[in-house]
Amino acid sequence: MNRAYYDVIVVGGGPAGLAAALSAREHGAARVLLLERNASLGGILNQCIHSGFGLHHFQEELTGPEYAERFIRQLSGSGVEVLCGAMVLEVRPDRSLCAIHPQRGYLQLRAGAVVLAMGCRERTRGAIGIPGTRPAGIFTAGAAQLYMNIEGYQVGRRAVILGSGDIGLIMARRLTLESASVEGVYELMPYSGGLVRNIVQCLHDFEIPLHLSHTLTDIRGDKRVEEVEVAQVDADFQPIEATRRAVPCDTVLLSVGLIPENELSRAVGLEIDPRTGGPVLYENRECSLPGIFAAGNVAHVHDIVDFVTSESQLAGRSAALFVPEKNPRRCLHLQNGEGIGYTVPQRIRPENIENNVEVFFRVKKVYKNATIGLSSGDTLLAQYRRERLAPGEMEKITLPRKIVEKIELNKAILSVKEGISP
Amino acid sequence: MTELICIGCPKGCLLHVDEENDHAVTGNGCKVGATYGKKELQNPTRTLTSTVCIRGAEIPRLPVKTDREIPKALLLDAMSLLDNIVVQAPIILGDVILQNLLDTGANFVASRSLGLHEEEKHD
């Protein structure tokens with residue numbers, strides 16, 4: 001396999017990589033290689049044993065492992081070559097890669113196009129700086145999920161969860177079902193970071209309290225966590241002294257955000273968008289270097305795997321159709337106006353749009369009866385209404401080509417405001 | 001009138017269920033919400049997912065799920081049925097692990113295929 005050439009090489013065998021590899025093959029790439037560092041395909045889906053996946057893509061409710069297996073089965077008859085246990089060390093601008101593998105050693109590969117699908121990692125205690133001692137019993141929610149669901153360990157008996165991200169909510173239910181007690185979920189923001197359905201089916205179903213505008217101000221314990229101190233926060237997120245109280249527990253789970261895993265992307269010199277934490281993307285999910293594409297949580301953190309799948313299918317298709325030096329010149333920049341946290345894509349090349357382009361975005365706060373506007377210069381080009389928008393729920397709008405063509409000076413601004421515009 | 005948030009999909013529609021009018025549901029974006037709203041107030045049910053011990057596979061736990069929703073009140077009882085189950089690899093997705101749990105008509109089925117691990121094959 002040394003120095004072997006592939007039309008498309010996909011880095012990462014989670015949901016993004018699986019969908020991208022299949023899509024590249026379906027769109028004519030003759031030789032497709034999927035590299036996965038783990039011993040098996042499926043990525044994080046394998047530990048997400050709860051159901052709720054696939055409602056859009058398969059029109060039925062599947063568990064994570066079932067969702068992964070649907071794609072893995074398709075892959076086995078597709079002609080895509082799969083190499084598990086392969087850790088990609090470097091991607092180069094000329095689309096060559098090097099990787100290591102326990103049996104095959106050091107691999108040097110060349111690709112017509114590369115799709116980055118490395119997913120994301122969890123923010124840790126260090127990233128948010130919780131004071132206190134360093135006893136056993138502090139886990140990121142996803143690590144606890146791995147220990148429980150794959151390795152079969154009970155992580156604790158009495159847990160406090162910091163952050164209301166979806167994995168934290170899912171783990172609150174999972175711990176309760178495995179006869180641990182969950183004292184509460186504490187969320188710094190005045191709104192939940194997770195999907196509202198998870199608040200209902202994971203917390204309400206089991207009478208687990210959700211404390212909004214609260215944080216952990218101390219973790220105490222010698223060998224094992226013994227208690228945490230929690231406090232309500234003011235509008236500037238500072239703990240309110242009078243509200244400090246101790247909560248006895250032996251376990252702390254952190255569900256405080258996810259970070260796209262972009263070491264390879266940074267090293268190759270891709271432009272990174274500090275808002276998404278992922279590469280700046282064009283409409284076809286190409287990055288700032290030609291022939292390198294990115295999709296899924298490596299590009300921006302998704303709430304729903306079906307959106308990862310559709311984005312990765314687009315990236316896989318684009319990689320299969322990539323021809324060097326054929327990229328269109330004209331490029332529009334999509335800028336973030338009032339209330340918009342980020343958009344993907346960040347840049348649009350109108351020539352590459354067949355009929356329309358989907359723009360995914362997150363808002364910075366909760367909106368009711370929101371109006372989303374796309375403007376260019378002094379002109380309002382399009383408006384979209386949404387009953388409810390929240391930072392924890394990714395939204396999308398569909399821009400028809402004829403709207404995109406009206407964008408002036410290669411710059412358009414997306415913004416959101418409360419209420420109905422005249 | 002009771003307000004509920006639909007858990008049928010990530011959209012999370014705010015439902016209004018009218019108990020005095022045959023549990024008529026309004027506020028739902030699709031038919032899933034209509035069914036959920038009616039059922040949630042009369043006989044709430046959930047799909048239960050967990051894991052059981054597996055021998056001979058690459059990992060020690062096999063994920064399982066109920067193949068239909070079971071009454072919400074039975075979730076913890078159903079969990080305890082899994083405590084002593086040990087299955088042997090290979091397992092194919094959909095294999096029945098426990099039949100007709102708690103007389104609900106639902107079965108626990110495997111939600112992942114796990115083959116016999118290479119190292120175990122030589123034992």
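Is B:Glu40 buried or exposed? I went to that residue to start, bearing in mind that this is a predicted model. B:Glu40 turns out to be buried, at a relative accessible area of 12%, since the cut-off for buried is under 20%.

**Chain B, the salt bridge.** I looked up the partner next: B:Glu40 and B:Lys72 meet through their side chains in a salt bridge, 3.9 Å from N to O. B:Glu40 sits in helix H1 (residues 31–42) of chain B and B:Lys72 in the loop between strand E7 (70–71) and helix H2 (75–81), so the pair ties together parts 32 residues apart in sequence. B:Lys72 counts as partly exposed, at 25% relative accessibility.

**Confidence.** For the model, I noted ipTM 0.90 and pTM 0.93.

My search of the whole structure gave 33 of them over all chains. One I picked out is A:Arg37 with A:Glu261, at 3.2 Å from N to O. This pair links distant parts of the chain, 224 residues apart: A:Arg37 is in the loop between E2 and strand E3 (51–53) of chain A, and A:Glu261 is in the loop between strand E18 (258–260) and helix H7 (263–268). A:Glu261 is buried at 9% relative accessible area, while A:Arg37 is partly exposed at 48%.

I also looked at A:Arg220 and A:Glu227, whose closest N and O atoms are 2.7 Å apart in a salt bridge. A:Arg220 is partly exposed at 28%, and A:Glu227 is partly exposed at 24%. Both belong to a salt-bridge network that also takes in A:Asp218, A:Glu229, A:Glu241 and A:Arg244.

**Strand E1 of chain A.** E1(A), residues 4–11, is mostly covered, with six of its eight residues buried. I traced its neighbours. With strand E8 (residues 105–116) E1(A) pairs in the parallel sense over seven bridges, and A:Ile9 stands opposite A:Val114 there. With strand E2 (residues 32–36) E1(A) also runs parallel, joined by four bridges; A:Val11 has A:Leu35 as its bridge partner. The chain gets from E1(A) to E2(A) through helix H1 (residues 15–26) of chain A, in a right-handed β-α-β crossover.

**Helix H5 of chain A.** I checked the length of H5(A), residues 166–177. At 1.5 Å a residue, its twelve residues should span 16 Å, and the end C-alpha atoms are 17 Å apart, which agrees. H5(A) is mostly covered, as eleven of the twelve residues are buried, among them A:Arg173 and A:Arg174. After H5(A) comes A:Ser179, where I found a positive phi, near 60°.

How values were computed: Residues numbered from 1 in each chain as written. Chains lettered and ligands numbered in written order. Predicted model: local features only at pLDDT ≥ 70, side-chain atom pairs only at ≥ 80, totals over all residues. Heavy atoms only, no water. Helix = DSSP H or I, 4+ residues; strand = E, 2+ residues; numbered from the N terminus. Expected span 1.5 Å × (residues − 1). Buried < 20%, exposed > 50% of the residue type's maximum accessible area, 1.4 Å probe, protein only. Pairing = 2+ DSSP bridges. Right-handed = clockwise from strand over helix to strand, strands pointing away. Salt bridge = Lys/Arg side-chain N within 4 Å of Asp/Glu carboxyl O.
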